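Visitor: Please show me the model, and then I will ask about it.

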Amino acid sequence: PPIDASLTSLANLHRYYTDAGGKDAMLLVHDGQWGKEMIDMLARYGKGLPDRLIPYEMHSVGRVGHDLLAGAVTLGFARVFVLMDPRKSAEYASLHQQTELAEALLAGTGVDPENRFVLLEETDPDAVEQTLWDNNKTARFTPAPFVAMGSPRAVTRMGLRGLAKANNAEAEIIPLPTGAPYGRVEIDTDNCTICLSCVGACPAGALQDNPDAPQLLFREDACLQCGICVATCPEKVISLAPQFNLSDKAMTTELVIEDEPFHCTSCGKPFGTTKSIENVIAKLSGHSMFQAEGRTDMLKMCEDCRVEAMFGQSEKMADVGERPKPRTTDDYLN
Ligand code: SF4
Ligand code: SF4
């Protein structure tokens, strides 16, 4: 199910539990096969589950992400155990990363992540039981129940902002590990030519242009840290900065750099930015094709005027004056 539906189910489970007088709820995420069988086995041959451990079945626990882990804690679950099927280890490659990310996010909201998440990949039911009953302590925190709505990123943002506020987190920026899907791009504006190649390449709309002016804009909460802009930038002036910005500023579009439009020296039409044209001229002025006098002037013209000017030059080159008369045998005889 989508994350908002999952978190709504978890919010209901937590509410039923607390309404019935339960305290310090913990969550056990499991699948319908391995996990369910393991829980049945513990009930039949062992101590069963601790009273405060609430099981939650998913189609596959490999789909558990930082959004669900951090969201569950935000709703009030003190700990989250994930029961993994050891035969499907390959499916869980990202689960460890997701857990690290959830821990970093919680730490930034003022919630101590120690012992908060437990990934259980055990075949031995006794070992599973021992871990579920380990009684490891977790630090107290103030939950921030919320109604999960919208995209996974919007849901995560909503939950974390509430959790940070409830726990008096001071910093608005949470540093995240490399590869995290949140953050900003740092752009060396001294060397950015506002060519806007990165805008066309950005799949998330985090980098934007302004159709009315040469401007590069950025919206942090949309950035996936995919790195496509880094690979696309011809000037190599973009770098990634993984972080989670809790402030409202992350949800606004900020101006990164702007420039004056460059006007065609022939017709006056704006056709590029001053920086990008200067950059092209600087790069091509050493090229053998642009050594003749006035050749770089063409680079200051819009496409139409440049074509016109080039045709004018070709005509000049073709203009070799009056052609000599063809000489025939009669010319020599007369
Ligand atoms: S691709 Fe690079 S040079 Fe071009 S606008 Fe983006 S950051 Fe600037
Ligand atoms: S890292 Fe990806 S999402 Fe972020 S600005 Fe660059 S291209 Fe866009």
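Visitor: Which cavity is the space taken by ligand 1?

Guide: This is a predicted model, in which local features need pLDDT of at least 70, side-chain atom pairs count only at pLDDT 80 or more, and totals for chains, interfaces and linings use all residues. Side-chain values use heavy atoms, without hydrogens and water, and residues are numbered from 1 along each chain as its sequence is written. A cavity is a set of points, on a 1 Å grid over the protein atoms alone, where a 1.4 Å probe fits but cannot get out; a molecule sits in it if more than half of its atoms lie within 2 Å of its grid points. Ligand 1 takes up the space of the second largest cavity.

Visitor: Which residues around ligand 1 are the closest?

Guide: A residue is near a molecule if one of its heavy atoms lies within 4 Å of it. The shell of ligand 1 divides into 10 nonpolar, 2 polar and 1 charged, with Cys counted as nonpolar and Gly as polar. Of the 13 surrounding residues, the closest are Cys192, Cys195, Leu196, Cys198 and Cys233.

Visitor: Which side chains meet in a salt bridge?

Guide: An automatic or database assignment sets the domain bounds, with domain 2 at 183-258 and domain 3 at 261-318. Across their interface the rule finds 1 salt bridge, meaning a side-chain nitrogen of Lys or Arg within 4 Å of a carboxyl oxygen of Asp or Glu. At 3.6 Å, N to O, the pair is Glu235 and Lys283.

How values were computed:
Chains lettered and ligands numbered in written order. 1 Å grid on protein atoms, 1.4 Å probe; cavity = no way out; pocket = protein on both sides within 12 Å on 5 of 7 lines; lining within 4 Å.
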